[in-house]
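Hi,

Here is the structure I promised to pass on. Have a look at it first, and then read my notes below.

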Amino acid sequence: MSTEPSAPGTSPRTPRPGAQKSSGAITKKGDRAAKEKPATALPPLGEEEPKNPEEYQCSGVLETDFAELCVRSGYTDFPKVVTRPRPNQNFVLSASMSEKPTQDDQRLSASCSQNSLESKYVFFRPTIQVEVEQEDSKAVKEIYIRGWKLEDRILGIFSKCLPSLSQLQAINLWKVGLTDKTLTTFIALLPLCSSTLRKVSLEGNPLPEQSYYKLMGLDSTISHLSLRNNSINDHGAQLLGQALSTLNNSNRTLVSLNLGFNHIGDEGAGYIADGLRLNRSLLWLSLAHNRIQDKGALKLAEVLRPFELTHTEVVERRRLLLEKGTQERSSRSPSSSRHGDSKTEREKFQTAGISNVTLVDKPEKMQTLKTPKGLGKKKEKSGEVVKKEEKSGPGQSPTQGTPKKEDATKAGKGKVTIPEQKMSKGKGIKTGSKEKRSILLESEQLVVEATEMVNPLLEPVEHRDGKVFMPGNKVLLHLNLLRNRITEVGLEGFLTAVQYQVQVSKSRTSSSKGPLGLLWLSLAKNCFDPQCPTYTMIQELMLPRDPVKAKVREEEATAT
């Protein structure tokens, strides 16, 4: 049997029968499998093409929605939504803990020590902590994000899943590496959230451009804002003060503002005080742990008692008074308070092609369109109206037939009027009834609201030596100036302000309503002796005004 020559250096061996045939068959199968592999290859199990996050409909469960949107956005590792840990209030230290541990306790402690390192790292992993309602474990009411950078992509995911949380009340972001750009993105998603969202906390997020004031815009719905530990300087305080109030605009929703642990000095405190001059919504303000000295303290104390209006404020006050007087004269003018609604209805019917005769022929329908005040008078004069209408003819005003009153009715020419009705010479708005007031233009409604109800420049003022003094801000109830650099000079200003507010509150009657002034003032840990007479007098004056301490005293009195 002939065989192929063996390779040099190898011993010749006889192949087994059928070895070459089987070897050739294996080679052919391998080639065929290599050729068919690209055509028949399937993606590994679990790996699918990322779906479009825009197509996902959120269910209102944050844990499910956030995870699904992260997967659809291409995230493989993303923070988990967990319930915020709370200390066990029912835990009581018992005497049995001092006893010698049992064998089970020793085994448990050994297993815990083995996993202690892992548990520490798990604790610091990025998570989204939430507080849920007690009745519904899936209804999120507060969100806490702490210690990991919040990027634009994550904020984009939040803009899709947060609007579905109907019970969301607060968002807390602590040291999440916000920038001015991401802050703008965050502010843009706030209007998309539920109307129950009222509290926002951005602590430990210093911004180069100090753009925190954007959270206090005129269209903002935030009631509680915390900006602690953000390195806010005097420039940032200026922007915040302008957001509180200016000559023409004022924030009406913010109730509490926390600016503690920042770098605000005297100049910044002056800007905050300027914002408090015309702001009548802020109740709680904290400037603790800043760099405020006597100059800034005196500016803040000045706002709490009657202060002099600047020339610009006096001019704006006169303009508002003139505007208000014009509106009052137009509302008191003998306009069609009785027949204003019927005039409106007649004009509507005239535009629809219905004549005056048709309206008079149907007095019952006209009476149903009137306000209750004009029902009786219309019945008495219904016959006179019919006679006048018949004389004047269809489509003609009854007053047009009298040439003597022609000049007096030029302003109301072309309008159907009721006899014995005097037209107003002015072209102001005639608010005859509640229904007619409701159809005022939006711009005019804003003017009325700003001048009559909100604008503090229209408050009663006092004229002294040719100057105009406005009552101080008595809406602010809580002021915290703990750990600043205030001396006894600044204390004198606060003593004067507190004495004024105490005097005003004593002169108030029990039935009168209105702001009460400061109820809590903290000036401790500043640059003065705690036993100084000025500080002692301030404490004595504020003690009866503090509702918490007053309640404690009442409980102690009843107990004794």
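Below is what turned up, taken piece by piece.

First, the ground rules. This is a predicted model, where local features need pLDDT of at least 70 and side-chain atom pairs count only at pLDDT 80 or more, while totals for chains, interfaces and linings use all residues. Residues are numbered from 1 along each chain as its sequence is written, and side-chain values use heavy atoms, with hydrogens and water left out.

Let's start with two helices (helices, H or I of at least four residues, and strands, E of at least two, are DSSP runs numbered from the N terminus). The axes of H8 (residues 266–277) and H9 (residues 294–303) come within 8 Å and cross at roughly 5 degrees. Axes here are lines fitted to C-alpha atoms, for helices over the stretch in contact, with angles from 0 to 180 degrees between N-to-C directions. H8 is therefore roughly parallel to H9 (angles under 35 degrees count as roughly parallel, over 145 as roughly antiparallel, 65 to 115 as roughly perpendicular and the rest as oblique). On the H8 side, the contact (heavy atoms within 4.5 Å) includes Asp266, Ala269 and Arg277, and on the H9 side, Lys295, Leu300 and Val303 are among the residues involved.

Three strands form an open one in the order E9-E11-E10, with antiparallel pairing (two strands pair if DSSP finds at least two bridges between them). E9 (307–308) and E10 (462–464) are the edge strands, each pairing on one side only. E9 is joined to E11 (residues 467–470) by 2 bridges, and Glu308 stands opposite Phe469 of E11.

Now some single residues. Gln57 sits in the loop between H1 (19–40) and H2 (62–72). Its relative accessible area is 65%, so Gln57 is exposed (buried means under 20% relative accessible area, exposed over 50%, partly exposed in between, with a 1.4 Å probe and protein chains only). Gln57 and Cys161 lie 104 residues apart in sequence, but their C-alpha atoms are 8.9 Å apart.

Ser522, in strand E13 (residues 520–522), counts as buried at 10% relative accessibility. Leaving aside residues up to four places away in sequence, Ser522 touches Leu479, Asn480, Leu481 and Leu482.

Finally, the cysteines: how many disulfides does the structure hold? There are 0 (a disulfide is a pair of cysteine sulfur atoms within 2.5 Å). For Cys193, the nearest cysteine sulfur belongs to Cys161, 9.0 Å away. Cys193 is buried at 9% relative accessible area, and Cys532 is buried at 4%.

Cheers
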